[in-house]
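Q: I'm new to this one and would like to go through it piece by piece. Could you take my questions as they come?

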Amino acid sequence: MMALIISIGAAAVVYAVSILYAAIGEIFSQRAGIMNLGIEGIMLMGAVSGFLTVYHTNSLALAMLAVICTGAILGLVFAFLTVTLQSDQTVCGMAFLIFGSGLSGFIGKKVTGIATAVKFHDISIPLLHKIPVIGKIFFQQDLLVYCMYIIIPLSIFYIYKTRPGLILRALGENPAALDTAGIHVFALRYAYVIFGCAMIAISGACITLSYTNFWNEGMTGGKGWIAFSLVAFSRWNPGFAALGALLFGGISILGINLQIYLPGIPTQFYSMLPYAATVVALIITTGSFRKQHTAEPAALCQKYDREGR
Amino acid sequence: MEKKQTVPLYKKILNPIICVLLGLAFSAIFIIISGFDPLTVFAKMISYSFLNSMGLYGSINGALPLMFCGLSVALAFRMKLNNIGAEGQFAIGAVLGGWFALYGPSLPAPFGLIVMFLLCALGGGLWAAIAAALKAYWKINETIVTLMFNYIALLFLDYLCYGPWMAPKQTTAITPLIPDSMYLPGLGGTSSALILAVVIALLLQFYLQRTTGGYQISVIRDSSQSATYAGISVKRFIFIVFILSGALAGLAGFVKVTGILHRVQAQLPGGAGYTGIVVAYLSQFNPLVVILVAILFGGLQNSCAAVQIMGVPSQIATMIQGTIMIFVIAGEFLNHYKISFYREDGMEVPEQ
């Protein structure tokens, strides 16, 4: 029983991290007022670019560099469309979703299904991994997971305790006020969208370089959308996003495990669990029956046009 | 940079065409990187799907579900409802209609088809109604809900086709053929569903342009607050538009099952719901243009088969769709703004 809990817990952490990079990237992007609906496509591009680099060079460092560059380039284009050209953000996101899934399938076709020897391997952290249960769940993971342990507190600190963080929050609430104060709204939005896309691409890399060691078309299977709904679920707070990601991770891993113990129910119904859970979580956290003030950035999805009135 | 008040018609038509060409040029870069000659690839694609009757029929058949999905998305987006659940509504429509075709009582020829038509529309409409209710009463983001419902619907279809509905002695997830009386009559090399699509597009065009309901939809799109102030029930329209949109997507299932495949199978929509978004956007949400653009995209998908023999991955179609859409979005900007240069003394440089 203990072994089962540990294996479920550890797998849930890996799952959580693979959506958390994207969720935190999206939190930054949305806090800056730009909603990026193309997560799934950008994740796929990150996943395929990382995998192709590892396949050809056997170097994880180069792969991560390629992933971040891919994300940044896509972010630049997305920012150009949404910030400079002020296009509809939903439609842009859809375009990126379709473009990303098409292009990733196209360039990754030749390496589909081939496994690489190089991937992020688990490292045990001295001392900490000896803590019963928790040690095995949290401290016998790979580098991408440990990086996330640092990113979560850092991003919370950045958003809520620093001056740039304050500006970031204002960027999504009232960009006109910032502009009046002499802060370059457009440049900052570009920066945060690019950062967000790079993070989303890393999320994709988690899937091909850590979760598995192969590439398959459309292998993110809706994880990008789960990350997207996690943002609203977490009330735009990376800390809550981490808890939410663990919850989603737990539900989907539990689904896979229940399949073994309760084979009477067809597998497809277990696979529905994370999607159904996402809808339920979305209803609970963003439904207008809640009395609480919504945490949604007021300027989210709004065009910012200096000449507009 | 200033906003244009009106856009001349020729520009409205010319701009998307230029953007499509730019999108193709951009895709060519990736085709070259993969080691193919883009001109040969494009030439082969066009000649395969448009320049001979066999290919053209194939393109139109491929376009039929896209037409309905495109109409579904166009209607929803007309009211700024981001219904991206056409894929799932397609699947549920096909499930409900397919259930009747496979297990329902057999009715004389036209009645069976009519019942199935209604059931497919009902299935898609009901599936969309859930998202509509969540949006109308609790203001839940419809984008995420409809998308999650896509995955759930596709998994359910998967379950049926691998499980209770699976044809005997089959290894792939397909059901037995539906009875002959349920086949849509053919029309030349294609299916009479084409007429159905055009009629529905005309009706939709009429509804949106010439009726009070259509006008109210456009008021809600521009500002739901002023609509409420003017006494329009926004909630009611969320339901109407969502259910109609879902029903149209469900009809894509009707067409695909009765007109093309004559059976239900796993992954039946095959991405048509998402391509429908591109189709709708490219046609500026105009129902009649949707039909034409859908044929173009049906051809694009059909032509994959021609270049796959050369070793070009079939994902080329999705990639081209994505690039075209990005360029069209960028081109939209030029439609609404004109860039003008100002001299130092503040005088506007006259346009050449």
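Q: Is Ser234(A) buried or exposed?
A: This is a predicted model, and in it Ser234(A) is buried, because its relative accessible area is 0% and buried means under 20%.

Q: Where is Ser234(A), and what is it in contact with once close sequence neighbours are set aside?
A: Ser234(A) sits in the loop of chain A that runs between α10 (223-233) and α11. Leaving aside neighbours within four places in sequence, Ser234(A) is in contact with Ile27(A), Phe240(A) and Ala241(A).

Q: How many residues of α1(A) are buried, and what comes just after the helix?
A: Of the 30 residues in α1(A), 24 are buried, which leaves the helix mostly covered. Just after α1(A) comes Gly33(A), which takes a positive phi of about 100°.

Q: Where do Gln86(A) and Leu127(A) sit, and are they buried or exposed?
A: Gln86(A) has its place in the loop between α3 (60-84) and α4 (89-108) of chain A, and Gln86(A) is buried, with a relative accessible area of 8%. Leu127(A) is found in the loop between β1 (123-124) and α5 (134-138) of chain A, and with a relative accessible area of 71% Leu127(A) is exposed.

Q: Switching to the surface, which residues form the nonpolar patch?
A: The nonpolar patch is formed by Leu254(A), Leu258(A), Ile260(A), Tyr261(A), Leu262(A), Ile265(A) and Phe269(A), which together have about 650 Å² of accessible area. Helix α11 of chain A, residues 238-261, gives the largest share of that patch, namely four residues.

Q: And Leu262(A), where is that found?
A: Leu262(A) is found in the loop between α11 and α12 (267-286) of chain A, and with a relative accessible area of 44% Leu262(A) is partly exposed.

Q: On to charges: how many salt bridges are there over all chains?
A: The count comes to two salt bridges over all chains. In one of them, Lys135(B) is paired with Glu142(B), and the closest N and O atoms are 3.2 Å apart. In the other, the side chains of Arg221(B) and Asp222(B) meet, at 3.3 Å from N to O.

Q: What about helix α5(B), what span should it have and where is its kink centred?
A: Helix α5 of chain B covers residues 109-138, and at 1.5 Å a residue its 30 residues should span 44 Å, which agrees with end C-alpha atoms that are 44 Å apart. The kink in α5(B) is about 25° and is centred on Ala129(B). α5(B) is followed by Lys139(B), which has a positive phi near 55°.

Q: What is Ala247(B) in contact with, neighbours in sequence aside?
A: Leaving aside neighbours within four places in sequence, Ala247(B) is in contact with Ala121(B), Gly124(B) and Gly125(B). Ala247(B) itself has its place in helix α10 of chain B, residues 234-261, and is buried, with a relative accessible area of 14%.

Q: Last one, Ala280(B): where does it lie, and what does it touch?
A: Ala280(B) lies in helix α11 of chain B, residues 272-282, and is buried, with a relative accessible area of 0%. Not counting residues up to four places away in sequence, Ala280(B) touches Gly70(B), Val73(B), Ala74(B), Phe285(B) and Val290(B).

Conventions. Residues are numbered from 1 along each chain as its sequence is written. Chains are lettered from A and ligands numbered from 1 in the order in which they are written. This is a predicted model: local features need pLDDT of at least 70, side-chain atom pairs count only at pLDDT 80 or more; totals for chains, interfaces and linings use all residues. Side-chain values use heavy atoms; hydrogens and water are left out. Patches are made of residues with over 30% relative accessible area and no salt bridge: like charges are joined within 9 Å, nonpolar side chains (Val, Leu, Ile, Met, Phe, Trp, Tyr) within 5 Å. Accessible areas come from the Shrake-Rupley method with a 1.4 Å probe; for residues, only the protein chains shown count as cover. A salt bridge is a side-chain nitrogen of Lys or Arg within 4 Å of a carboxyl oxygen of Asp or Glu. Helices (H or I, at least four residues) and strands (E, at least two) are DSSP runs, numbered from the N terminus. Buried means under 20% relative accessible area, exposed over 50%, partly exposed in between (1.4 Å probe, protein chains only). Contact means heavy atoms within 4.5 Å. The expected span of a helix is 1.5 Å times one less than its number of residues. The bend at a residue is the angle between axes fitted to the seven residues ending there and the seven starting there.
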